[in-house]
Every structure is written in structure tokens, then in C-alpha cells.
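Hi everyone, thanks for coming along. Let me put the structure up on the screen, and then we can walk through it together.

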Amino acid sequence: MFGVVGVADAANFVALGLHALQHRGQEAGGIVSHDPEAGFSQARRFGYVRDNFTSQKLMETLPGEIAIGHVRYSTAGSKGPTAIRDVQPFFGEFSMGGAAIAHNGNITNAVALRRELIERGSIFQSSSDSECIIHLMARSMGRQIPDRMEEALRKVEGAFSVVAMTRTKLIGCRDPLGVRPLVLGRIGDGWALSSETCALDIIGAEFEREIKPGEMVVITAKGVESHFPFRPAKPRFCIFEHVYFSRPDSILGGRSVYETREAIGRELAKESPVDADLVCPVPDSGTPAAIGYSLQSGIPYAMGIIRNQYMGRTFIEPTEQIRNMGVRLKLNVNRALIKGKRVILVDDSVVRGTTSRKIKEMILDAGAAEVHFRIASPPTAWPCFYGVDTPQREKLLAATMSEDEMRDHLQVDSLKFISLDGLYRAVGEAKGRDPNQPQYCDACFSGEYPVAPTDMLEAGFQMKTAAE
């Protein structure tokens, strides 16, 4: 999500910001702007930001000094093809004027809320959980739109970072646990809200601070007003943001994501050393951790796998034969380097294990003597209900297999994951994880969900038992 206020041609800044946040969602994007003469304008398109929001003709339809935008990565709603009506930001016309809202995260009681709203007469346009917020705002008796938004978000459970706008106000809000990121930046006399700091850099904005967990900011021409509408809670930021989701050139919680990932690699090398000739990343997400592993172990770092930079998600896969090439379209082995070598492959995670197997086969085909996997996160054994689209539990390799069984399944010489304590040390918690009050949300690794996933429990999801 990205929003700006107080700059001419705000939508152009939003398009640039969304381009820097493309890694957070590649299915579709949308921008809403407001101009006193033209009123609210909006554009939603499938595909990448660069393929849509670089057209001068399109951008001219989005005038004004205030705008917000969103790139879509579907975690709730229709699991089939995205419909254009599912693309955010969502817009609603209220008695006191229009408002648009963009949401990152996952509402864990969306099914229950939707059912209740429909029974009371709400008509939903999309299959997105985020649309509930607009309907809850419409039912609120608040006198101002920020009041209505506050009331709506108090009824929402789960993880949400929100960027919204009215005709004159830019609004940002994080859930009480602060699961998903949101930052504030300064651009000239205007302001920007962004999911990550790397998007502030692209427009030349100065990073001011993170929006605090449970904080709502309302930004107008007068400046930034802040308040805390929710009951205070101990923050539980998503630790997977540090491992994978955020861009390495962003700052999270005052820490460089790149340096954290390098520290993860160093921890891995301490916990799981192995004799080898080369440390190779699985690009691009494994690269900083592989550099850390190499520096700590003294084993040379090498680009044993080369990524094709032009492989987009729009590649046409017309035949079964080409579909089966899957991984080879994105990655190719540097044969001359690999042949006869004992190789440590560093990757960010193993989820289903299908990609890991194919990469291992490619490395062995190229003549590697040994293949050792080192994984920069603990085993992903539980699904995420807070905004990362992990599959059902039975499809997660670590949910049904031990580390040794996974090693045999992948048919590699060794397989080791960083420990949960090791990961916590790498993100700056010197004493590791506090089992009584974990400092981060790590439900995908531990099975300990900080917010009960109401809808999933209703659908029969089994939470972790004391024995596990």
C-alpha cells in the first residue's frame, strides 16, 4: 500500500511507490485520487504496475494532490482468477463524502462479519475480506470518516495495516499487534504512507518513523494527528517479513532487512556447519543469508544458480512440456562452477518442497558431488492467517515430516533449518525467543497464533494441542 497527500500529481508518486512494492503483490494494482474539480477518480488493472500505471493517458485520469494505491496478493476471497472488483483500493460514498481504503493483512473473522452484514442488508461487490471495512464504516454513526473507520476496525480481528483517504485527509492505521508494517514519510510539504521504507526512497521522501502498533494517524494540510483507538497489546510483528516478505533494502523496526538476513546466514553457519567447497544462494531471496553463511564459515560464496531477470508471471505456458520446465524458466545452473563441487544451497524457506527438489535435481545434473540445503527459516509447519498465502496444513512438508524425513524426501546429503531461537537472535533478540511472551508473530513456525483464526476454527481448523 502507498498513499501521498499534499503534492501535485499525487497519483504519479503513488504509481512509483507501488512499483517499489511490487514484490508484495503481482496480481493487480489500483489507485484512487481526489481533485476538487474532478472529484474522486480510480483505476484498477491486472498485472504489473509498470505495464499499466506508466501510461500518461491513464495517469492523466487520476488528478489531484491526494491519492492511495494497492498491489494485490490474494490471501482471502476467491482462490480462482481475481475479478477486477476484488482489486483495491475500495471506494465508498458516505453521507459526509467519499472515502477509499486499502488493506494489507487478513481479517480472521471476515466470514462471520460478512454473514452478519449481509443479513442486515449490505450488498457486497467483491470476494475480498477487506470490503467488510467499508460496509462497517457505512453502518457507523460516527460524524467524521476517521471516526467511522475507527469504529469499523474495532470490530475486525486479525492483522491489518490500512491506508485510507477522504477528500482532504490521508489516514493510516495498524492493528494492535502491529503484525504488518506501515511507515510514515515526508515529501516536501506533503506526506506519504507506505508498507515499506524502500518505496519512500523511490520518490525521494524522507523516512520519518513507523506507525506504531494500534496507532491511527490522520494527515491533513495542518500536519499529522495521532491517537491510539484500540486496547493496548504487546506487539507481535510478523517475523517472516524479516525472513522473506520485505525487500532487503527496507528498514524494519529500526533494523536493515539485508543485515538481518545476513545475520540469519551467520546463525545458520554456527548451528549447522558442514564441509563443502561452495555456498550458493537460491536467488534472489536466499542471497543475503548465503553471504552471511559464507562469511561465518569461511567457505567461498558463489553464484551457482543464475536467475533469468525477464521471467515474469505473465509468461504463457501453453503446453504440458513447457509447464514442466517451470523452475528452469526462472533459474539456471552455472555448470562450470558447480561440477565436481560439494555445494551448500541456502534458501529462505521450504514450504511444499517441490521447488527445492527441482533445484536439487538441476544441481546434481550439472555434476555436483554433494548437495547440502541450509534454510534461513525454521520449518513452516502451520498456515498463516494474517496475510501470507501459505497452503493448507496437510500440504506443508514440515507438518507431516521430521527434518530427517524431509532430507530423505528431497534426496539431499543434508538438510538443516535455522532454529527458532537462532532466528530470534538474528533479528536482534540476544536471548532468543521468550516462550511465555514471544516478541514476534511466528505462528507459521510455532503454531502459536496470537489472534484466534475465528473463521478457520469455524471451518474445522485444528489448533496446536499442548502435546505438540
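Let's start with E448, which is partly exposed, at 31% relative accessibility. This is a predicted model, by the way, so please keep that in mind throughout. E448 has a partner: R433 forms a salt bridge with it, and the closest N and O atoms are 3.1 Å apart. R433 sits in the loop between α16 and β23, while E448 sits in the loop between α17 (443-446) and α18 (454-458), so the pair ties together parts that are 15 residues apart in sequence.

Now, is R433 buried or exposed? R433 counts as buried, because its relative accessibility is 13%, and buried means under 20%. Its side chain also makes a polar contact of 2.6 Å with the side chain of D442. If you leave out residues up to four places away in sequence, R433 touches L420, D421, Y424, P438, Q439, D442, S446 and E448.

How many salt bridges does a search of the whole structure find? The search finds 23. Let me show you a couple of others. The side chains of R209 and E215 meet in a salt bridge, 2.8 Å from N to O. Here R209 is partly exposed, at 24% relative accessibility, whereas E215 is buried, with a relative accessible area of 1%. Another salt bridge joins E151 and K155, with 3.9 Å between the closest N and O atoms. In that pair, E151 is partly exposed at 29%, and K155 is also partly exposed, at 43%. Salt bridges can also join up into a network, as they do for R24, R180, E196 and E241.

The buried ones are I145, P146, R148, M149, E150, A152 and L153.

For another helix, let's move to α1, where we find G17. G17 is buried, with a relative accessible area of 0%. Which residues does G17 touch, not counting those up to four places away in sequence? They are F2, A199, I202 and I203.

Next, the cysteines. As a reminder, a disulfide is a covalent bond between the sulfur atoms of two cysteines. How many disulfides does the structure hold? It holds zero. Take C173, which is in no disulfide: the nearest cysteine sulfur belongs to C132 and is 16 Å away. C173 counts as buried, at 0% relative accessibility. C441 is in no disulfide either, and the nearest cysteine sulfur, from C238, is 6.2 Å away.

Now for some backbone geometry. Most residues other than glycine have a negative phi, and most peptide bonds are trans. With that in mind, look at D9, which is not a glycine but has a positive phi of about 50°. D9 is in the loop between β1 (2-5) and α1 (10-20), and it is partly exposed, with a relative accessible area of 48%. Q411 is not a glycine either, and its phi is positive, at about 55°. You will find Q411 in the loop between α15 (403-410) and β22 (414-417), and it counts as partly exposed, at 48% relative accessibility.

Where are the cis peptide bonds I want to point out? One joins Q88 and P89, with omega about 0°, and P89 is in the loop between β4 (66-72) and β5 (90-94). Another joins P283 and D284, with omega about -5°. D284 is in the loop between β17 (278-281) and α9.

Which residues make a nonpolar surface patch of about 260 Å²? They are Y301, M303 and I306. M303 is in the loop between α9 (287-297) and β18 (305-307), and it is partly exposed, with a relative accessible area of 49%.

That's my tour, and I'm happy to go back to any part of it.

Note on methods:
Residues are numbered from 1 along each chain as its sequence is written. This is a predicted model: local features need pLDDT of at least 70, side-chain atom pairs count only at pLDDT 80 or more; totals for chains, interfaces and linings use all residues. Side-chain values use heavy atoms; hydrogens and water are left out. Patches are made of residues with over 30% relative accessible area and no salt bridge: like charges are joined within 9 Å, nonpolar side chains (Val, Leu, Ile, Met, Phe, Trp, Tyr) within 5 Å. Accessible areas come from the Shrake-Rupley method with a 1.4 Å probe; for residues, only the protein chains shown count as cover. A salt bridge is a side-chain nitrogen of Lys or Arg within 4 Å of a carboxyl oxygen of Asp or Glu. Helices (H or I, at least four residues) and strands (E, at least two) are DSSP runs, numbered from the N terminus. Buried means under 20% relative accessible area, exposed over 50%, partly exposed in between (1.4 Å probe, protein chains only). A disulfide is a pair of cysteine sulfur atoms within 2.5 Å. A polar contact is a pair of N or O atoms within 3.5 Å; within protein, one must be able to donate a hydrogen and the other to accept it, and residues adjacent in sequence count only if both atoms are side-chain atoms. Contact means heavy atoms within 4.5 Å.
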